[in-house]
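Welcome! Please take a look at the sequence and the structure below, and keep both at hand while you read.

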Amino acid sequence: RDSIRPILSVTFDGQDIIENDVISAKPEVVISLEDNGPMPLTENSFTLIYTENTKVPRQLNSASDNLVFSSTLNPNSATYIWNPNLVDGRHKLDILAKDSSGNYTDTTYSKTFYVYNQAGLEKVYNFPNPFKDDTYFTFELRGYEEENAENVQIKVFTVAGRLIKDFTVQASELQPGFNRVYWD
């Protein structure tokens, strides 16, 4: 009898997200399940619950939610790829997954995340502050979409207002949500 739990992984645009993270309005969400058992994983291995802006939670399904399912036997894995077009606001994704023997993953995946379609730069700080030799400039990008991305320019001034550093962060180095840029 198979008694080993399967392993679940979830990424948004290739990244793990943390609770209350900001993501793209058009993410590629990859939901993968891997198992060592001999029985194939199926669509019934997953329960995907989505909540948009504190509305009633609903179960996602392939027929109406841009979900694409695929599976392989060697290694034994199954993947859902979800490409939603999300509206502004708070969203939540809950995933319960099990293998064909009924073994559930160690934990239920549950993440709340936010989407902002209007471009913006928020929560701009440097850390540590004050600093002696080096620091990180941190900021949150909202409404970020790769096809419309622009570079970010950072200017550092003295307390007296004299410009001491001016540098540009390329759009290709940025992502929706939290970003940090090192400076010494």
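What follows is a short briefing on strands, a loop residue and nonpolar cores.

This is a predicted model, in which local features need pLDDT of at least 70 and side-chain atom pairs count only at pLDDT 80 or more, while totals for chains, interfaces and linings use all residues. Residues are numbered from 1 along each chain as its sequence is written, and side-chain values use heavy atoms, with hydrogens and water left out.

**A hairpin**

- Strand β6 (residues 67–73) and strand β7 (residues 76–82) run antiparallel and are joined by 7 bridges; strands are DSSP runs of E with at least two residues, numbered from the N terminus, and two strands pair if DSSP finds at least two bridges between them.
- The link from β6 to β7 is a hairpin of 2 residues.
- Across this pair, Phe69 stands opposite Tyr80 in β7.

**An open sheet**

- Another place to look is an open sheet of 3 strands, in the order β10-β11-β14, with antiparallel pairing.
- Because β10 (120–127) and β14 (177–183) stand at the edges with a single partner strand each, one side of each has no neighbour in the sheet.
- From one strand to the next, the twist averages 20° (axes are lines fitted to C-alpha atoms, and angles run from 0 to 180 degrees between N-to-C directions).
- β10 pairs with strand β11 (residues 135–142) over 6 bridges, and Phe127 faces Tyr136 in β11 as its opposite residue.

**Asp99 in its loop**

- You will find Asp99 in the loop between β8 (89–97) and β9 (109–115).
- Asp99 is buried, with a relative accessible area of 2% (buried means under 20%, exposed over 50%, and partly exposed in between, with a 1.4 Å probe and protein chains only).
- The side chain of Asp99 has a polar atom 3.0 Å from the backbone nitrogen of Ser101, and it reaches the backbone nitrogen of Asn103 at 2.8 Å.
- Beyond its neighbours within four places in sequence, Asp99 is in contact (heavy atoms within 4.5 Å) with Asp2, Ile4, Pro6, Asp35 and Leu41.

**Nonpolar cores**

- The largest nonpolar core has 25 residues, of which Leu8, Phe12, Ile31, Phe46 and Leu93 touch the most other members; such a core is a set of buried Ala, Val, Leu, Ile, Met, Phe, Trp, Tyr and Cys residues joined through side-chain atoms within 4.5 Å.
- Elements giving two or more residues to this core are β1 (7–12), β3 (29–35), β4 (46–52), β7, β8 and β9.
- A second, separate core of 12 residues includes Leu141, Ile154, Val169 and Trp183.

Technical notes
Helices (H or I, at least four residues) and strands (E, at least two) are DSSP runs, numbered from the N terminus. A polar contact is a pair of N or O atoms within 3.5 Å; within protein, one must be able to donate a hydrogen and the other to accept it, and residues adjacent in sequence count only if both atoms are side-chain atoms.
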